[in-house]
Amino acid sequence: MHRRQFLATAPLAGLAAGTGAVPALAQGFATTGGQVPAVQRFAVGDITVTCLSDGSLHIGPDALIGIDAAGYSELMEAGFRDPDTFRSAVNAFVIQTGDETILVDAGTADAMGPDLGRLPENLAAAGIDPRGVTKLLATHLHPDHVAGALKGGDAAFPNAELVVNETDRTFWSDESNFSGAGEMVQGFASLARNVLSAYSDRLTTFSGEDEVAPGVTAMPLPGHTPGHSGYMIASGDAQLLIWADIVHVAPVQMARPDIAIGFDVDPGQAVETRRQILDRVATDRMMVAGSHIGFPGLVQIARDGDGYRMVPAQWDYSL
Ligand SMILES: [Zn+2]
C-alpha cells in the first residue's frame, strides 16, 4: 500500500489531517502533565501479577550501614543515578490465581508523607476493588508494607484474610522486644500490633516454606525482620519471586550486598540472606519483583564483578 492510500484509510484519515478526536483518557493524561497510572501487569504462566506503585522515597547514605557518603555517590554515579535525587520505590503486587485476588503488601497510606500512599488510586486504576481482595500477604510488618492495611483504624480490605509469617507476628506482638527501642521503632511496633488486631478474626500464619495460595509459596528471608518473607509464584514452567526488601537502595546493594540498612532488625543476618538469595536467583536466572526496586520492580539479576547488576524485565506484550 502506498503511503497516501494508507493515510486515507479510515479511521486514521482524521488523525492524519489533525482533526481526529483524542480519547478522553488520553486527554486527561495530556492535560494533567502527570504519569499514567503506575500499574503494570505481568504473566507468570496462568497467573497474572499486577505491579502497583505506592510512590517513592529518598534513602540516603546516612540510613545505610557500611558505606559513607562518598562511597554511596560513587556507586550511584556508576549506576547512572544522581545521589541527591535518587528515589527508591515502594511497590505492592496483586496476584490473580484461580478465584483469588491476593494483595502482597498494602503500601504506606498516610504514614510516610505525600510522596507515598498512592496504592489505593493505582488499585482503582487497575480495576481492583479493596472489597474483592481475598488475601493480604504481608512480606513483613513494617509500615511501608502494612500501614495501608488500615483505613481509619479498621481493615482497609474488609474481606481479606491477613497472611503473615508466624515469626514476624510473634516478634512484633511482644512489647518486651521494644522496651529499650527508640520512638520510631516503637511506632513501627504499635502499627504492627494495630494491623494484627484489625485482622485478628481472619489471621493466618505460616512457618517455613508453606503454600499460602494456589501456586504461591512463602519463602522466609530473615534478617530485615525476623519473619521477613518472599513469595514464590509458580505456574507451569514460569516462576517469579517477590523478594520484598532484599534491597532498599538497589544501585548500592546490588554492587555491594554487604551494605545493610538501619531498619534491619538483624543487619548481619540480612546481609547473609541477601548474599544467598542473590546467588540463587542469578544462578537460576529467576525473575524477581522487589518492593523497593524502581517501578515496576521486575528484574533479573546478573553477576557483575564482586557484586550483581539488574536487567529490567521486558514489557509483557502477551497481555
Ligand atoms: Zn520496606
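Trainee: Let's start with a residue. Does His-292 count as buried or exposed?

Mentor: His-292 counts as buried because its relative accessibility is 3%. Keep in mind that this is a predicted model, where local features need pLDDT of at least 70 and side-chain atom pairs pLDDT 80 or more, while totals for chains, interfaces and linings use all residues. Residues are numbered from 1 along each chain as its sequence is written, and side-chain values use heavy atoms, without hydrogens or water.

Trainee: Which residues coordinate the zinc ion?

Mentor: A donor is an N, O or S atom within 2.8 Å of the metal (3.2 Å for Na, K and Ca); water is absent from the atoms, so a site may look incomplete. Here the zinc ion is held by Asp-144 (OD), His-145 (NE2), Asp-245 (OD) and His-292 (NE2), at 2.1 to 2.2 Å. Along the chain these donors are spaced D-H-x99-D-x46-H. Helices (H or I, at least four residues) and strands (E, at least two) are DSSP runs numbered from the N terminus. Like His-292, Asp-144 is buried, with a relative accessible area of 12%.

Trainee: What do the angles make of the arrangement around the zinc ion?

Mentor: Four donors are tetrahedral if all angles lie between 85 and 135 degrees; four are square planar, and six octahedral, if opposite donors are over 155 degrees apart and all others between 65 and 115; anything else is irregular. The four donor atoms here subtend 89 to 171°, so the arrangement is irregular.

Trainee: Last one: what lines the largest pocket?

Mentor: On a 1 Å grid over the protein atoms alone, a cavity is a set of points where a 1.4 Å probe fits but cannot get out; a pocket is an open set with protein on both sides within 12 Å along at least five of seven lines, and lining residues have an atom within 4 Å of a point. The largest pocket has 33 lining residues, with Gly-79, Arg-81, Ala-250, Pro-251 and Met-310 nearest its centre. Elements giving two or more residues to that lining include β2 (47-57), α9 (250-253) and β18 (307-312). The most comes from β18, with five residues.

Trainee: And which residues line the largest cavity?

Mentor: Its lining includes Leu-221, His-224, Arg-274 and Asp-245, and Asp-245 is also one of the zinc donors.

Notes
Buried < 20%, exposed > 50% of the residue type's maximum accessible area, 1.4 Å probe, protein only.
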